[in-house]
Amino acid sequence: MIGNYLIGLREGLEAALVVAILAAYLVKAGRPDQRRWLAVGVVAAIAVSLLLGATLTFTSRSLSFTAQEAFGGFASILAVALVTWMVFWMRRTARGLRGELHGQAARALAAGGGALAVVGFVAVGREGLETALFLWSATQASGTTLTPLLGATAGLACAAVAGWLFYRGALRLGLARFFRWTGAALIVVAAGVLAYGVHDLQEAGILPGPNTLAFDVTGAVPPDSWYASLLKGTIGFTPETTWAQLVAWAAFLVPVLTAYLRPEPVPAAAPSAGPVTSRS
Amino acid sequence: METPHTPRRATHRVRRATAPVVLALLTAAGAAACGEDSPSPSAAPVSVQAGDASCRVDRTELTAGLNTLRITNTGSKVTEVYVYAADGSIVTERESIGPGTGAEVTFEVTPGDYEIACKPGQKGNGIRQKIRVAASTATATPGLSPDDSQA
């Protein structure tokens, strides 16, 4: 029971955390109505993953291993790019908010609905198939024993609750603190997603070095332990990490986090109209 | 309020076009990826009993082409099953096989030596079983012993 529970928890957390933070972002940026676009993407990803997973489990159709890993790898990298863009863009458009967005910022946010749906889709869908396959095998086993399915759904449910709690908690933060810390958290999570994507591409043979480990701490942190599951589900830490993963993780995290935490330059000139002085 | 409109509008248009394009690309990739309506392998599935300290494979001689592993996790730990080629590259794998569950993995192989690895606890090199893939004898008649197959 516990093994299946931890897998469900880990897989669920990986998606729930990103979605929760993005949803909180939308509320804090003054556009709670945009959450529905995020939801559209998330629901689509769940539906597609479950459907594809069921097809692969219950029919004779198969998906090549390389295609599966390549999708997971590229989708993860896409998720990182989109989330990073969103984090910086939302902070920029939310600054100077006095309750209403004006002009271009408002239009951009409105047009970003499609982009939000894509982000939601990729954030959940990148590992969606793997999770769906796991869930369907637990379902298949329920003919003999219900324990795997109970464990799996309990794990996923707990992850959803954790995401919800994180969302509510983040909303309580003051505006400045919210954007600083929640944005930083999302960048750390994204770094983990990048490392995961690199590993998938290594397994697919698209990137080299799947067996060249930078470190192996499986003795201290067994992958099937609860702490390993939590670490993997949140920051994407794996007890066996390849060099490519470590380099990609650091090469992303250090510059992006530095750029994000750097204080924003004070915006020049007041927006109110004034006489234009000519210089000769 | 005069602000430079042109660069903002250009990026705004690009952003608008990007989202549906990306979504379409993703869907297309997904559709293409699952469009493999592979014929069922002619050989019977290879049964893999993956335990906490064991990896039992019911046969070690396979035929080139499509093969299926029918994996059962008979232990209490989460396990993974990999098929490695002679050069160490991964032919196929299935991770996160929870205790009490199983999985079917279909993959394609060319003649050669391979290894099936069970990794209880999802770590390490795993418990390995060597398997050999022989060239498919397309003209073989059922009932004949494979005496005439290449070594």
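View 1. The accessible surface of chain A comes to about 13000 Å², and carbon and sulfur atoms account for 68% of that. (Accessible areas come from the Shrake-Rupley method with a 1.4 Å probe; for residues, only the protein chains shown count as cover.) This is a predicted model, where local features need pLDDT of at least 70 and side-chain atom pairs count only at pLDDT 80 or more, while totals for chains, interfaces and linings use all residues. Residues are numbered from 1 along each chain as its sequence is written, chains are lettered from A and ligands numbered from 1 in the order in which they are written, and side-chain values use heavy atoms, with hydrogens and water left out.

**View 2. How chain A is put together.** You'll find 10 helices and 2 strands in chain A, and along the sequence they run α-α-α-α-α-α-α-α-β-α-β-α. (Helices, H or I with at least four residues, and strands, E with at least two, are DSSP runs numbered from the N terminus.) Of the 280 residues in chain A, 50% are buried. (Buried means under 20% relative accessible area, exposed over 50%, and partly exposed in between, with a 1.4 Å probe and protein chains only.)

**View 3. Inside the largest nonpolar core.** This core has 50 residues, and those with the most contacts inside it are A:Leu22, A:Tyr25, A:Val83, A:Ile187 and A:Phe252. Helices that each supply at least two residues of it include α1 (2–28), α3 (65–94) and α8 (175–203) of chain A. (A nonpolar core is a set of buried Ala, Val, Leu, Ile, Met, Phe, Trp, Tyr and Cys residues joined through side-chain atoms within 4.5 Å.) Zoom in on A:Leu22: leaving aside neighbours within four places in sequence, A:Leu22 is in contact (heavy atoms within 4.5 Å) with A:Leu38, A:Val83, A:Met86, A:Met90, A:Val119 and A:Leu186.

**View 4. A nonpolar patch on the surface.** Here A:Phe74, A:Ile77, A:Ile206 and A:Leu207 share about 320 Å² of accessible area together. A:Phe74 sits in helix α3 of chain A and counts as partly exposed, at 48% relative accessibility. (Patches are made of residues with over 30% relative accessible area and no salt bridge, a side-chain nitrogen of Lys or Arg within 4 Å of a carboxyl oxygen of Asp or Glu; like charges are joined within 9 Å, nonpolar side chains (Val, Leu, Ile, Met, Phe, Trp, Tyr) within 5 Å.)

**View 5. Positive phi at B:Ser96.** B:Ser96 isn't a glycine, yet its phi is positive, near 50°. B:Ser96 lies in strand β6 (residues 90–97) of chain B and is buried, with a relative accessible area of 7%.
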